[in-house]
Amino acid sequence: MAKYLVIVESPAKVKTIKKFLGKNYEVTASNGHVRDLPKSQMGIDVEHDFEPKYITIRGKGEILAKLRKEVKKAEKIYLATDPDREGEAISWHLSKALKLDESKDDKKVYRISFNEITKNAVKASFKTPREIDMDLVNAQQARRVLDRMVGYKISPVLWDKVKRGLSAGRVQSVALRIIADREKEISEFIPEEYWSVDACFKIPGERKKLEAKFYGTAAGRMKIPDGVAARRIMDEVRQASCKVLDVKKSERAKKAPAPFITSTLQQEASKVLNFTTQKTMRIAQQLYEGIDIKGAGTVGLITYLRTDSVRISEEAQTQAAEYIARNYGEEYNAPPSDSKKKEGKIQDAHEAIRPTDIGRTPVEVKESLSRDQFRLYQLIWKRFTASRMSGAKYETTSVKIGAGEYIFTVSASRIVFDGFMSVYMSDEDEKGENNTLLKAIDCSTKPELMDINGSQHFTQPPPHYTEASLVKMLEEHGIGRPSTYAPTITTLLARRYVLKENKNLHMTELGDIVNTIMKEAFTSIVDEEFTANMEMLLDKVEEGDVNWKVIVRNFYPDLEQAVEEAEKNLEKVQIAEEETDVVCEVCGRNMVIKYGPHGRFLACPGFPECRNTRPYLEKAGVACPKCGKEVVVRKTKKGRRFFGCEAGPDCDFMSWQKPVAEKCPRCGGYMIEKGKKLACADAACGYVRELEQTAEHV
């Protein structure tokens, strides 16, 4: 009979860990959390110093009953949940639910943790058992209580003022505001015209021509604002004599990238593999918990996936150095990168995300993995291997060519030592760096101008956030933690506050409404700095420097006051049951505006007798510039708003910005609203004026 009981979180780990331990060990799983706050109420006793009211999670009774039986049989109990705040809290809840801290027997209860599910790591954890770290537990309790307060206090306000089923969240609402602010920037962006000029030179004795870009003058870089300036420069260059002013050769080094942390893995998997953050985390979890590898059994392939540390263990570093020397050569080896740890981030006790064994190459395990598992493992393996290698070296050459008072430049580089790039190259690495310059060029060379051309360009608005760039933004501003990025984005999409189109995240009408209410009534909740400071305080709890209830005590009164004022002062948003003059063709009643998951639609008020619905086409109050019919607000298949003609598809007019009735005084085309400005829809025309001004003032 087993003397020792090991409790892990996930059933997927049981088989992997069981294999490493002897017959004296019974390994079983809690299937995640066993206790939590109740769903039917806030579950926090405000009157008694914000004490959480934990209950057994519905459906976990059987698991706990089974665990209690196993506990009775065991001499020692090892709580082996994940090595982070959440995992520590699960161990603590298990201890409470199974009454391990109240046991009158001589049973010994230990907490063990391991960063990777390998034989060495698991066995080593049993040699260094410890008590439950209450600082870690309290940091998780503080986060859970704060999130519950925000959700349970603010969500009813949204239900009352907008519609049922909406929610607010401490991190979720900040992320929504960040996306909304970017959308506003994009919609208000006014493109500015600029030109580039490229020249083609013949070099004596060379068949290949040299293509150079306009730089400016000896005084410095010069912008070319329009075609008139570009043509003047080109005319002057054609008349001028040309000479090589300077040739510089130098070496440049490119450092190896750091190994993956949670956020960078999510970003790179999105860019390279087209994975959502949720998919990346799901597959990484599978690789961490263990895969049945042909000839080796169930093996954990990567280290723990929720981390913001780039630290690597000495054992992994030694193993990597040996592998690189053996397979690439000693010159490819580099000492560990001197990456500075992020101050104040307690997750730094962890390692970066890496393969548990660098010798287990992606090719070797390919047939045991699904396609997506293989692609993610290969990405992690390559990035880690590259991070332990020496930098790449480039030989760069830059040339300045004078043409009268103007200067043109051309530069190129070639790799002289590929270093880490022999294993791993990012998108940026692959985009270039392979230009070649003519060898026979120096300051005595007499270049001859063969051709010169100007090109018109317009400045571009900032890009829409993608899941990858939003994760990067959240991480850079200290909002949320590795475990929260994917669930935050998933919630925004599930609530239909945000929609995804070609990787880009766009606000929906519902998202706009919720964000406006949050900004108006709960300013601090959606403030980036406030949220980042809150994360810093949670880290301080984890370090043992701050009592978790102090944070809650300070936070709650302000939240309660904001909720009271919102209930009193916020006006209801009329987005449903508004009667229209559209007559239901089935029963003759006037149809009403309702709000569904995809936005507004027309429905018959006679429901359920009459179930007729129609798309709701909100009029923009302006005639179509193409055919003169009404312009209406339409939506793409995924729900993104645009302005189109009511006669569509017969009339193909569309605009992402709202058109206005006034014609452009410069070119006669139609104008659009850009924040507080009116602009000609034709960027080449470039006419812009303040929205408040009248045409007479222009």
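Here are a few questions and answers on this predicted model. Residues are numbered from 1 along each chain as its sequence is written, and side-chain values use heavy atoms, with hydrogens and water left out. Local features need pLDDT of at least 70 and side-chain atom pairs 80 or more, while totals for chains, interfaces and linings use all residues.

Reader: How many helices and strands does the chain have?
Author: Both are DSSP runs numbered from the N terminus: helices are H or I with at least four residues, strands E with at least two. Going by that, the chain has 31 strands and 18 helices.

Reader: What share of the chain's residues is buried?
Author: Buried means under 20% relative accessible area, using a 1.4 Å probe and protein chains only. There are 698 residues in the chain, and the share that counts as buried is 50%.

Reader: Why is helix 8 called largely enclosed?
Author: Of its 12 residues, 9 are buried, so the rest of the structure largely encloses helix 8. Among the buried ones are Leu265, Ala269 and Leu273. Counting contacts as heavy atoms within 4.5 Å, the cover includes helix 9, helix 12, helix 14 and helix 15.
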